[in-house]
Amino acid sequence: MIEAAPATASDLLAALHARAFPKPWSATEIAKLMENQAVFALVHGNGAEAQGFVMGWTAAGDSEVLTVAVVPEARRKGFGAALVTAAGVAALVRGAKSIHLEVAEDNIAARALYAKLGYEEAGRRHAYYAGEGGSIDAIVMRRDLPRPTV
Ligand SMILES: CC(C)(COP(=O)(O)OP(=O)(O)OC[C@H]1O[C@@H](n2cnc3c(N)ncnc32)[C@H](O)[C@@H]1OP(=O)(O)O)[C@@H](O)C(=O)NCCC(=O)NCCS
């Protein structure tokens with residue numbers, strides 16, 4: 001089940017982030033981000049059973065997925081797709097018309113995930129990430145969010 005992560009969840013989110021990224025965000029950095037009213041965090045599962053989370057922001061009709069992480073043993077079970085979809089829903093209900101993100105050019109899994117969910121390449125930031133073998137471009141991907149019909 002995906003739920004909004006409370007402000008007190010920064011330690012849990014940092015632990016999940018550390019299992020998914022070589023340069024993880026600290027609990028302090030995550031807590032600081034979550035102080036921003038524009039930022040939302042959603043977690044899949046509870047406490048020690050949590051499998052992953054997503055963070056994003058929404059402001060002035062735009063939104064961004066800041067990070068998404070699923071622990072290695074829980075991958076390829078649909079949790080990443082569920083989290084990114086939930087981020088889109090969270091952005092939509094906060095008034096966003098579109099959502100975007102940045103992904104390293106060599107992150108095949110994440111690029112495939114976003115493409116499956118309707119994100120399309122919208123730009124490129126040259127040498128955006130520092131990689132072991134040199135710098136790596138960031139691909140900017142975005143998608144429109146569906147307009148609710150009433
Ligand atoms: C990217 C990440 C969140 C995907 O999470 P996940 O739970 O494994 O993703 P899902 O199971 O929902 O996969 C959905 C789709 O994404 C694509 N995908 C996911 N992992 C893939 C992989 N290793 N190779 C190719 N395609 C992949 C597939 O299209 C998949 O659908 P399918 O399983 O029906 O083929 C996860 O690999 C992760 O945490 N990676 C490290 C952190 C990271 O890179 N985050 C993104 C930063 S931009």
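Modeller: Here we go through the labels one by one, starting with some ground rules.

Modeller: This is a predicted model, in which local features need pLDDT of at least 70 and side-chain atom pairs count only at pLDDT 80 or more, while totals for chains, interfaces and linings use all residues. Residues are numbered from 1 along each chain as its sequence is written.

Biologist: Thanks! What makes F79 count as buried or exposed?

Modeller: A residue is buried if 20 or more other C-beta atoms lie within 10 Å of its own, exposed if 12 or fewer, and partly exposed in between, with C-beta atoms placed from the backbone. F79 has 21 other C-beta atoms within 10 Å, so it is buried. F79 belongs to helix 3, where helices are DSSP runs of H or I with at least four residues, strands are E runs of at least two, and both are numbered from the N terminus.

Biologist: Which residues does F79 contact, leaving aside its neighbours within four places in sequence?

Modeller: They are H44, Q51, G52, V70 and A74. Contact here says that the C-beta atoms of two residues, placed from the backbone, lie within 7 Å. F79 and G52 are 27 residues apart in sequence, yet their C-alpha atoms are 7.4 Å apart in space.

Biologist: And A127, why is it called exposed?

Modeller: A127 has 11 C-beta neighbours inside 10 Å, so it counts as exposed. Leaving out residues up to four places away in sequence, A127 touches S135 and D137.

Biologist: A127 is found in strand 6. How do you know whether strand 6 is in the open?

Modeller: Of its 12 residues, the number buried is zero, so strand 6 lies largely in the open.

Biologist: What is the largest nonpolar core made of?

Modeller: A nonpolar core is a set of buried Ala, Val, Leu, Ile, Met, Phe, Trp, Tyr and Cys residues joined through C-beta atoms within 7 Å. The largest one has 32 residues, and those with the most contacts inside it include L13, A41, F53 and L83. Among the elements that each supply at least two residues are helix 1 (10-18), strand 2 (39-44) and strand 3 (52-59). Helix 3 gives the largest share, seven residues. In soluble globular proteins, nonpolar side chains tend to be buried together.

Biologist: What does F53 touch, not counting residues up to four places away in sequence?

Modeller: Its contacts are A5, L13, L16, A41, L42, V43, H44, A69 and L83.

Biologist: How do you know where the buried residues of helix 1 lie around its axis?

Modeller: The buried residues of helix 1 are S10, L12, L13, L16 and H17. Seen down the helix axis, they fall within an arc of 160°, so they line one face of helix 1; the arc is that of the directions from the axis to the C-beta atoms. These residues pack against helix 2 (27-34), strand 2, strand 3 and strand 4.

Biologist: A60 and R76, what is said of their phi angles?

Modeller: A60 has a positive phi of about 50° although it is not a glycine, and R76, also not a glycine, has a positive phi of about 60°. A60 sits in the loop between strand 3 and strand 4, and R76 in the loop between strand 4 and helix 3. With 9 other C-beta atoms within 10 Å, A60 is exposed; R76 has 8 such neighbours and counts as exposed.
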